[in-house]
Structure formats: structure tokens, C-alpha cells
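Trainee: I've got a new model open and I'd like to learn how to read it. Could you walk me through it?

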Amino acid sequence: MTSTEGPAQPAVRTRDAARTKDEILTVATREFARIGYAGARVDEIAASTRTTKRMIYYYFGGKEQLFTAVLERAYSRIREAEQLLDVEHLDPVAAVRRLAEVTFDHHEDHPDFIRLVSIENIHEAEHIAASAELSRIGSPAIEVLRRILDTGRASGLFTADVDAVDLHAMISSFCFFRIANRHTFGALFGRDLVEAGRREHYRTMLGDMIIAYLTADRAA
């Protein structure tokens with residue numbers, strides 16, 4: 001009798017390897033976000049997975065490469081969300097508000113991403129700068145913002161002298177601050193920026209600020 005199991009084995013091994021790498025990245029993301037790049041230990045990451053320290057080195061090469069892979073996955077996920085953004089049917093005001101809401105929602109839903117970015121800034125973006133993957137994926141949101149700004153200016157709605165990168169920085173700043181500074185801001189001012197009851201207030205406030213800036217009367 002001819003066996004039918006042989007040809008399927010490489011595909012099974014490929015799926016197993018992908019699952020193992022994904023599990024390692026999930027655990028590593030949690031560990032790096034929790035105690036930083038300097039504090040995280042590969043052996044402790046391995047102990048929280050169904051693999052070994054040796055296999056982590058086999059798949060990723062070392063702690064530095066593992067952290068880079070964690071950053072690549074974290075950034076790829078927000079880029080995927082940006083690619084799914086459909087604002088072509090919206091007027092410029094509604095479109096820029098929708099893009100701001102997508103950024104707001106992503107940052108709130110992925111606090112580990114905020115921590116990882118903060119940690120990478122401590123290291124002056126050395127891992128991001130060395131990553132060919134991160135330089136390749138770019139940011140779909142920038143191109144979307146360019147089109148929104150062009151349409152808004154052509155229609156006379158937008159008056160601000162701002163480019164897509166600066167506008168992206170404005171949107172990201174509010175979203176990032178709200179998550180990254182939640183605890184210090186709460187300790188100093190007695191207000192939880194992530195309180196569920198104020199979520200829609202802050203989400204609307206972000207859009208209102210951006211739109212007010214873009215459409216301000218600059219004739220005076």
C-alpha cells in the first residue's frame with residue numbers, strides 16, 4: 001500500500017514552524033513590553049513557550065534580532081489596519097476624522113505597541129533603522145493623508161500649510177500620549193485618560209482638534 005503521509009510532512013513542518021515563531025513573538029512582545037529590551041531574558045521567554053532557548057536562537061538569531069522581529073510585527077499590524085482604511089467615498093473632513101479614529105482605536109487596543117515604541121526610542125531607533133522590513137513597509141496612512149489634504153485644499157475646505165507627515169505626527173501624538181502617559185497623568189491630575197466613560201469624548205475631541213486646525217480662518 002502506498003503511503004499518502006510523506007508528501008504532506010513538509011507542509012506540516014512549515015505550519016508548525018510558523019505557529020512556533022508566532023508563539024515566540026507573542027510571548028516576546030509581552031516580555032519586552034513589560035520590562036524593556038535590557039530587562040527581557042531569552043531563557044525566560046523560552047520558559048513561557050512550548051519551545052526552547054535553542055530554538056529561539058535558531059529562528060531569530062539572538063535577542064537583538066528577536067526584538068527587531070517583535071517591532072516588525074507590531075508595526076506591520078498597524079500598517080495592515082491602515083491598508084484596510086476606506087475613505088475614498090468620504091468628504092475630506094469626514095475622511096481625516098475617520099483616519100484619526102483608526103489611529104486612536106489601534107493605539108488604545110494595543111498598549112504593548114506603545115510600550116515597545118517608547119522602549120525603541122530609548123535605544124534611539126537603532127533596531128528600526130537596521131530593519132530592511134520596516135523601511136520597506138512604510139506607512140499607507142501617509143499617502144491617504146496626502147490625498148485627503150490635496151482634496152481638502154482643492155475644495156477650499158483646508159487652509160493649513162501642513163504636509164501629510166506633520167499631520168500624521170499631530171494625530172499620533174494625541175493617541176500615543178493618552179496611552180503612554182496614562183499613569184503619570186492620572187497621578188498628577190487625577191484623571192484617567194483611558195477611562196471607558198470618557199472614551200468617546202477623547203475620540204471626538206481628537207477629530208475636532210485636527211479639523212479645527214485644518215479649516216481655521218487664516219484670512220486675518
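**A walk through the model**

Mentor: Let's start at a loop: Ala125 sits in the one between helix 6 and helix 7. Keep in mind that this is a predicted model.

Trainee: Okay, what is phi of Ala125 near?

Mentor: The general idea comes first: most residues other than glycine have a negative phi. Here, phi of Ala125 is near 60 degrees, a positive value in a residue other than glycine. Glu124 lies in that loop too, between helix 6 (111-122) and helix 7 (126-129), and its phi is near 55 degrees, again positive in a non-glycine residue.

Trainee: Does Glu124 count as buried or exposed?

Mentor: For that you need the cut-offs: buried means under 20% relative accessible area, exposed means over 50%, and partly exposed is in between. Glu124 has 73% relative accessibility, so it counts as exposed. Ala125 has a relative accessible area of 29%, so it is partly exposed.

Trainee: Let me zoom out. How many helices and strands does the protein have?

Mentor: Twelve helices and zero strands. Reading along the sequence, you get α-α-α-α-α-α-α-α-α-α-α-α.

Trainee: And what is its radius of gyration, next to that of a compact globule of 220 residues?

Mentor: The protein has 21 Å, whereas a compact globule of 220 residues would have a value near 17 Å. Along the principal axes, the C-alpha atoms fill a box of roughly 80 × 50 × 35 Å.

Trainee: How much of the protein counts as buried?

Mentor: Of its 220 residues, 40%. As for the surface, the protein exposes about 12700 Å², with carbon and sulfur atoms supplying 53% of that.

Trainee: What about charge: how many positive and negative side chains are there?

Mentor: There are 28 positive and 33 negative ones, and the centres of the two sets lie 5 Å apart.

Trainee: Now the inside. Which residues touch the most other members of the largest nonpolar core?

Mentor: In soluble globular proteins, nonpolar side chains tend to be buried together. In this model, the largest nonpolar core has 28 residues, and Val96, Leu167, Ile171, Leu206 and Leu214 touch the most other members. Two or more residues of this core come from each of helix 5 (92-109), helix 9 (140-154), helix 10 (164-180) and helix 12 (199-215). Apart from it lies another core, of 27 residues, including Leu25, Ala33, Ala40 and Leu134.

Trainee: If I click on Leu206, what is it in contact with, leaving aside its neighbours within four places in sequence?

Mentor: You'd find Ala100, Phe104, Ile171, Phe174 and Cys175. With neighbours within four places left out, Cys175 is in contact with Ala100, Thr103, Phe104, His107 and Leu206. At 1% relative accessibility, Cys175 counts as buried. Its C-alpha is 9.4 Å from that of Tyr202, 27 residues apart in sequence.

Trainee: What share of contacts join residues at least 24 apart?

Mentor: Counting contacts between residues at least 6 apart in sequence, 71% join residues at least 24 apart. Beyond its neighbours within four places in sequence, Phe67 is in contact with Phe32, Tyr37, Leu116, Ile119, Glu120 and His127. Phe67 has a relative accessible area of 0%, so it is buried. By contrast, take the pair Phe67 and Val165: they are 98 residues apart in sequence and 26 Å apart in space, C-alpha to C-alpha.

Trainee: Where is Thr51 found, and is Thr51 buried or exposed?

Mentor: Thr51 is in the loop between helix 2 (42-47) and helix 3 (53-60). Its relative accessible area is 16%, and because buried means under 20%, Thr51 counts as buried. Setting aside neighbours within four places in sequence, its contacts are Thr20, Ile24, Ala46 and Ile56.

Trainee: One last stop: where does Arg30 lie, and what is it in contact with?

Mentor: Arg30 lies in helix 1 (residues 9-39). Neighbours within four places aside, Arg30 is in contact with Ser48 and Asp112. With a relative accessible area of 43%, Arg30 is partly exposed. The C-alpha atoms of Arg30 and Arg115 are separated by 9.8 Å, although the two residues are 85 apart along the chain.

Notes
Residues numbered from 1 in each chain as written. Predicted model: local features only at pLDDT ≥ 70, side-chain atom pairs only at ≥ 80, totals over all residues. Heavy atoms only, no water. Helix = DSSP H or I, 4+ residues; strand = E, 2+ residues; numbered from the N terminus. Rg over C-alpha atoms; globule rule 2.2 N^0.38 Å. Buried < 20%, exposed > 50% of the residue type's maximum accessible area, 1.4 Å probe, protein only. Contact = heavy atoms within 4.5 Å. Areas by Shrake-Rupley, 256 points an atom, 1.4 Å probe, with all protein chains shown as cover. Lys, Arg positive; Asp, Glu negative; His and termini not counted. Charge placed at Lys NZ, Arg CZ, Asp CG, Glu CD. Core = buried A, V, L, I, M, F, W, Y, C linked by side-chain atoms within 4.5 Å.
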